[in-house]
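Please read them with the structure open.

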Amino acid sequence: MTREAALDRVDEAILRALQLDARTKYSDIAQTQDVSVDTIIKRFRKLKRNGVIKRTTLLLDPRRLGLEIVATLAMTVEPNGIDEVVDYIQRRSGVLFATHSVGQYDVFAVAATRTMNEMNTLKEHIQGHGKVKDVKASIWVDQFLLCPQNFELEPLLEAQR
Amino acid sequence: MNELDARIIGSMVDNARLSFRKIAGDADRSTDTVINHYNQLVADGVIRCSTVAVATERIGYEGAAAFNIDVATASGGNPSAIMETLIKMPNIIVVTKTVGEHDILTLAVIHDINHYAKIGREIAAIPGVRSISSNLWPGGQEICPKYFIV
């Protein structure tokens, strides 16, 4: 059984509109789809109930919140220590995200700190873990670009035809 | 950023469609004041946008991937031009220049292993890309939803 949701063009229109601006009026979406506002509200609620939409949210700029340094920390880890290292990293202050990884590195994390010194300290703490063999840090420079509209919904629509 | 700004952000991170009137009522401030503060947060770039957090596995994605890109700057490769190309590609959700091991990092959502390979080939084919390396992440987890997308 597929875990994928069944979407149609109205669902797609709702998702596309809200990806770009979560405060888009239901009436504006309804107008583009030539359906009633009630239909849009019901569909939005259904998308939430079905677990397609987790929530509407804000995307913030960490640098404007005082977290000046954003960096990727890519690690090679002893094979028997990956879970332990991910858990250790996730509990460090400044770490936004950490995950197992398949490929060049074993564990991948993104961190944000107020200063470069704090980032270095974080890197050293991680480097000091007995199961971590190496940590490569890449600092994100300039404004990073976000593109929430780039999710593909078309394959799900194709499946409905 | 003052207390009202923090309250607006705190409320709207969990529900960006929350009415300004409700936030104003909870904060014991006028609706106009809340709207003005919200608009200022947007103008200052603190709030980059409002969006919808989707369950990627429910719309056909099995995971995510990070592509580290090295740019052939010696032969005229332009990181900004490569980033502009990346940002228009389906399934690319974050693009940033980096200082360190590589020149550009991009995050993508992927349908399956074939899709992962296809995105890799497409990135490698962008003019100015010297080499790429990549890492695959399992699905079902949130990637910094406060600052990114997923």
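Predicted model: local features only at pLDDT ≥ 70, side-chain atom pairs only at ≥ 80, totals over all residues.

Which residue of β5(B) does V102(A) stand opposite?

1. Start at the strand pairing between chains. The residue facing V102(A) is L136(B), in β5(B). β4(A) and strand β5 of chain B, residues 129–138, are joined by two bridges. The two strands run antiparallel.

2. Now the wider contact between the chains. Chain A puts in 53 residues and chain B puts in 55. On the chain A side, several elements supply at least two residues each. Two of them are helices, α1 and α6 (154–160). The strands are β1 (53–60), β3 (95–100), β4 (102–103), β5 (107–113) and β6 (132–146). β6(A) gives the most, with 10 residues.

3. The make-up of that side deserves a line of its own. The residues of chain A that touch chain B divide into 30 nonpolar, 12 polar and 11 charged.

4. Next, the fold of chain A. Its secondary structure comes to six helices and six strands. Along the sequence, the order is α-α-α-β-β-α-β-β-β-α-β-α. Chain A has 161 residues, and 39% of them count as buried. Consider the contacts in chain A with a separation of 6 or more: 62% of these come from residues 24 or more positions apart.

5. Look at one helix pair within chain A. Helix α1 spans residues 9–20, and helix α3 spans residues 37–49. They pack at an angle of about 80 degrees, and their axes are 10 Å apart. That angle makes α1(A) roughly perpendicular to α3(A), because values from 65 to 115 degrees count as such.

6. Which residues make this helix contact? From α1(A) come V10(A), D11(A) and I14(A). They meet T39(A), I40(A), R43(A), F44(A) and L47(A) in α3(A). By class, the contact of α1(A) with α3(A) has five nonpolar, one polar and two charged residues.

7. Last, the domains of chain B. The domain assignment gives domain 1 as 3–43 and domain 2 as 56–138. How far apart do the C-alpha centres of domain 1 and domain 2 of chain B lie? The distance is 36 Å. The strand from point 1, β5 of chain B, covers residues 129–138.

Definitions and conventions:
Residues numbered from 1 in each chain as written. Chains lettered and ligands numbered in written order. Domains from an automatic or database assignment. Axes fitted to C-alpha atoms, helices over the stretch in contact; angles between N-to-C directions. Helix = DSSP H or I, 4+ residues; strand = E, 2+ residues; numbered from the N terminus. Parallel < 35°, antiparallel > 145°, perpendicular 65-115°, else oblique. Contact = placed C-beta atoms within 7 Å. Nonpolar A, V, L, I, M, F, W, Y, C, P; charged D, E, K, R; others polar. Pairing = 2+ DSSP bridges. Buried ≥ 20, exposed ≤ 12 C-beta atoms within 10 Å, placed from the backbone.
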